[in-house]
Amino acid sequence: MDAVAEMWRNMAEQHLRYDPQRWDWTDDYVGVQRRQLLGTMDDPNHLLLVAQDEAGQVVGYLLAVIMEPGPIWRIRLRGEITDICVARRHGRKGIGRMLMERALEELRELGAEDVVLRVSEANRSAIKLYQKVGMRLVTHEMYRRL
Ligand SMILES: CC(C)(COP(=O)(O)OP(=O)(O)OC[C@H]1O[C@@H](n2cnc3c(N)ncnc32)[C@H](O)[C@@H]1OP(=O)(O)O)[C@@H](O)C(=O)NCCC(=O)NCCS
């Protein structure tokens, strides 16, 4: 879990650089996220995938959730990829793509009929990865502080 929390810290810092207002984390954001991740391990609606190297070191992880979007939707179950992180030193080796492909497969097996995710416009490498596994941009998020 420490390796996963460390990757999450890198992702959180990266987003803070993109926009410090939108990603305005609390002081203990890594600790909180760590506890939340541990909680997802017992939740049948969450899917936590972990990629390891030959030595068993964790080099990437993906978290997804499956949910009912509600009665106005024709589909009954929707998957959402909430996190994907690969350790920097293992970047660009196909690990992110492997995690995404596996998640899509598992979400389908769990009954999801579609999948959504949110990505910062500034995160070009993640956008490319998502496009490579068939995701397309359908919405923009707009933001302002009140
Ligand atoms: C985005 C991320 C998960 C990609 O993981 P990865 O294991 O490096 O990705 P892959 O090696 O599977 O690459 C798949 C494709 O993504 C794109 N890509 C990945 N890293 C890239 C980079 N640094 N620059 C440009 N394109 C990149 C490429 O199109 C690549 O295909 P190619 O190598 O055949 O050209 C990883 O960079 C990461 O953890 N980033 C920090 C966390 C983050 O931003 N997560 C997404 C939050 S929405």
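Where does R92 lie? Select R92 and find out: R92 sits in the loop between β3 and α3. Keep in mind throughout that this is a predicted model.

**Stop 1**

Now look at the surroundings. R92 is exposed, with 9 other C-beta atoms within 10 Å. The cut-off for exposed is 12 or fewer.

Next, select R88. R88 belongs to the loop between β3 and α3. R88 is exposed, with 10 other C-beta atoms within 10 Å.

**Stop 1: helix α3**

Select residues 95-109. This is α3, a helix of 15 residues. From its first C-alpha to its last, α3 reaches 21 Å, close to the 21 Å expected at 1.5 Å a residue.

Colour I95, G96, L99, M100, A103 and L107 in α3: these residues are buried. Turn the view to look down the helix axis. The buried residues of α3 fall within an arc of 130 degrees, so they line one face of the helix. The general rule is handy here: an α-helix has 3.6 residues a turn, so residues three or four places apart point the same way.

Now colour E105 and E109. Both are exposed, on the other side of α3.

What covers the buried residues of α3? Show the strands β1 (46-52), β2 (58-67), β3 (78-86) and β4 (114-117), then the helix α4 (124-132); the cover includes these elements.

G111 takes a positive phi of about 105 degrees.

**Stop 2**

- β1 and β2 pair in the antiparallel sense, over 7 bridges. Select V50 and look across to β2: Y61 stands opposite.
- β2 and β3 pair in the antiparallel sense over 8 bridges. Select M67, and in β3 R78 stands opposite.
- β3 and β4 pair in the parallel sense, over 4 bridges. Select G79, then V115 in β4, which stands opposite.

**Stop 3: around the ligand**

Bring the helices back and centre on the ligand. Which residues come nearest? Of the 19 residues around the ligand, they are G96, R97, S125, K128 and L129. G96 has already come up, among the buried residues of α3.

Now colour the shell by element. α1 (2-18), β3, α3 and α4 each supply at least two residues of this shell. Which element gives the most to the shell? Select α4: α4 does, with 5 residues. Recall that α4 is also among the elements covering the buried residues of α3.

Note on methods:
Residues are numbered from 1 along each chain as its sequence is written. This is a predicted model: local features need pLDDT of at least 70, side-chain atom pairs count only at pLDDT 80 or more; totals for chains, interfaces and linings use all residues. The expected span of a helix is 1.5 Å times one less than its number of residues. A residue is buried if 20 or more other C-beta atoms lie within 10 Å of its own, exposed if 12 or fewer, and partly exposed in between; C-beta atoms are placed from the backbone. The arc is that of the directions from the helix axis to the C-beta atoms. Two residues are in contact if their C-beta atoms, placed from the backbone, lie within 7 Å. Two strands pair if DSSP finds at least two bridges between them. A residue is near a molecule or strand if its C-beta atom, placed from the backbone, lies within 6 Å of it.
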